[in-house]
Amino acid sequence: MPIRQRTNNSGNSTSWQVDVLGADGKRIRRSFPTRLEAEAYLKQHGMNEPCEKPNVLLKDKLLSASVLLWGKTRNRVNALRITNELIGYNPSGLWSTQKVREFIAHQLSKGNTHGTINRKLACLSKLLTYVNEEDKTVEVPKIRYLPEKEHRIRFLTHDEEEAIFSHLSDKYRPFFEFLVDTGLRFGEAIKLSPADLSPTHVTCHETKGGGSRRVPLTRRATEAVHRHGGWRHIRYDAANEAWHKALQASGVPPEASLTPHVLRHTCCSRLVQAGVDLRRVMQWMGHADIRTTLLYAHLAPSDLDKAVAVLEKAS
């Protein structure tokens, strides 16, 4: 459209922008307090054609950003798919707050869940922010994510763990024991080098958040990782296949959430259930946001029972 509404972070209108191509082919953008003034400007200058010329260069920048951000991660295929979807929806590559709202409405009309839409919005935000670092003319609109329902976090009981692990071979059981006792992500574990191992800790240098963290080892995890000298011989596809075969043989009812990643949830859940402070759990697990750790907070119901004892002593 040749005229578009500009809004602030609260969603309130701040101005109306004329966005057109002049007679000489140059782009003209001017802002007015009201839509009537913007329409009057268009009529006065005889400019009625919208500026819909795609920004091919920006499209290329977004695709390059996708490769640079996720090209070496396991999410690269999905990230590129989302990037292409965003470009297909808005070929100009110019995103405003209003355009984001229209995209959300379009996604909802397709039946996508709030969680799915939020993942796409997060991708968009990261792409635009990355491009904006080199090209300040690229606008990074304020994005309001959709509310998501709290989902149940699945973790293993000790009986379920033993039932599954008992059907794993000597090659994979120590590896999965290490995962459940450290909470490391699969990718973090297999990238550990001998230099990252100490008698009591492992240091992860290649993490999801980009930083490094030091994680204590249980006796079981220490024995497993030092006996094998790390896990660089483990391959995801083969380990995943071994896991699901063991799960099927264990008698534990199959669920979509019972992938090897459930071991990370199990480790985090056990720490919280044992009363470990959430900030320490956040540091242990490498959560970038405390809100992720708070998803496990309900697993520590005894905390309130302990707290009332403090008030009893004070009264």
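**Helix packing, cysteines and a buried threonine**

Glu85, Leu86 and Tyr89 in helix H3 meet Lys99, Glu102, Phe103, His106 and Gln107 in helix H4. Sorted by class, this contact of H3 with H4 comprises three nonpolar, two polar and three charged residues. The model in which these contacts are found is a predicted one.

The geometry of this pair can be described next. Two packed helices are described by the angle between their axes and the distance between the axes. H3 spans residues 76-89 and H4 spans residues 97-109; their axes come within 11 Å and cross at roughly 110°. Angles of 65 to 115 degrees count as roughly perpendicular, and H3 and H4 are therefore roughly perpendicular to each other. The crossing in which H3 passes H4 is right-handed.

H4 also packs with helix H5, which covers residues 114-132. Here the angle is about 145°, and the axes of H4 and H5 lie 10 Å apart. On the side of H4, the residues in contact are Val100, Phe103, Ile104, Gln107 and Leu108; on the side of H5, they are His114, Ile117, Lys120, Leu121 and Leu124. By class, seven nonpolar, two polar and one charged residues make up the contact of H4 with H5. This crossing, too, is right-handed. Phe103 and Gln107 of H4 take part in the contact with H3, and Phe103 and Gln107 are also listed among the residues of H4 that meet H5.

The cysteines are the next topic. A disulfide is a covalent bond between the sulfur atoms of two cysteines. How many disulfides does a search of the whole structure find? The search finds zero. Cys267 illustrates the point: the closest cysteine sulfur to its own belongs to Cys268 and is 7.1 Å away, which is too far for a bond, since a disulfide requires sulfur atoms within 2.5 Å. Cys267 has a relative accessibility of 4% and therefore counts as buried. Cys123 likewise counts as buried, because its relative accessibility is 5%; the cut-off for this class is under 20%.

Is Thr222 buried or exposed? With a relative accessible area of 19%, Thr222 is buried, as the class takes in values under 20%. Leaving aside residues up to four places away in sequence, Thr222 touches Pro199 and Leu217.

Conventions. Residues numbered from 1 in each chain as written. Predicted model: local features only at pLDDT ≥ 70, side-chain atom pairs only at ≥ 80, totals over all residues. Heavy atoms only, no water. Axes fitted to C-alpha atoms, helices over the stretch in contact; angles between N-to-C directions. Helix = DSSP H or I, 4+ residues; strand = E, 2+ residues; numbered from the N terminus. Parallel < 35°, antiparallel > 145°, perpendicular 65-115°, else oblique. Left-handed = near helix turned anticlockwise from the far one by under 90°. Contact = heavy atoms within 4.5 Å. Nonpolar A, V, L, I, M, F, W, Y, C, P; charged D, E, K, R; others polar. Buried < 20%, exposed > 50% of the residue type's maximum accessible area, 1.4 Å probe, protein only.
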